[in-house]
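Opening the notebook on a new chain.

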Amino acid sequence: GRGARLGEPHQQPDGELIEDPVWRWSSAPDRYLDTALRLELTSSPVLRLVDVASAPAVAATLLVWHLETGSGTRLVGAVEFQLTRTDHVVQTQVVQASEAVSADLPGDLAAAAGRLLRRLALEGLMRVASER
C-alpha cells in the first residue's frame with residue numbers, strides 16, 4: 001500500500017486512528033473525533049465534505065470521554081451533532097456508545113478508542129443525513 005502523508009488520517013488494523021507517528025490518544029481525544037469524522041466522510045457514499053454557504057453545516061462536539069469500571073472496564077463516549085440546515089433551523093442529536101477495554105491499562109485502549117470514535121462518527125453522520 002501507499003504510505004500516509006503527514007496529517008493524513010488512517011486506521012491501523014487493530015482499530016487505532018493515527019495521523020502521524022507522534023499521535024497519542026491520551027493527548028486530545030477531540031482531535032481524534034475530527035480524524036474519525038474525516039475517515040467516515042471519505043468512505044461515505046451518502047455524504048461529502050464541502051465548504052459552501054449553500055450546504056447544511058454540521059458541528060460535532062465530544063461531550064463524554066471516560067473509563068467506567070464495574071463488571072468490566074469500558075471506554076464511554078458521547079458526541080453531540082448539531083445540524084444547521086440552509087433555512088437556519090438547528091437540529092441536535094446526541095450519540096452515545098461504549099467499548100470494552102483491557103483491564104490492564106493501557107492495554108488495548110488506543111484500539112478501543114479508535115473503534116469507539118469511528119462508531120460514534122458513523123452513527124452521528126447517518127442520523128444527520130436522515131434529518132436533511
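I started at V79: skipping neighbours within four places in sequence, I get contacts with L33, A60, T61, L62, L63, Q93, V94, V95 and L120. Contact here means heavy atoms within 4.5 Å.

Ground rules before going on. This is a predicted model, where local features need pLDDT of at least 70 and side-chain atom pairs count only at pLDDT 80 or more, while totals for chains, interfaces and linings use all residues. Numbering runs from 1 along each chain as its sequence is written, and side-chain values use heavy atoms, with hydrogens and water left out.

Buried is under 20% relative accessible area with a 1.4 Å probe, protein chains only. The core has 23 residues, and L33, L37, V79, F81, L117, L120 and L125 touch the most other members. Two or more residues each come from α1 (29–43), β4 (74–84), β5 (90–100) and α2 (109–131). α2 gives the most, nine residues.

Then I looked at α1. Its buried residues are P29, Y32, L33, T35, A36, L37, L39, E40 and L41. An α-helix has 3.6 residues a turn, so residues three or four places apart point the same way.

Last, the whole chain. I count two helices and five strands, as DSSP runs (helices H or I, at least four residues; strands E, at least two) numbered from the N terminus. The order is β-β-α-β-β-β-α. Buried residues are 37% of the 132.

Methods:
Core = buried A, V, L, I, M, F, W, Y, C linked by side-chain atoms within 4.5 Å. Buried < 20%, exposed > 50% of the residue type's maximum accessible area, 1.4 Å probe, protein only.
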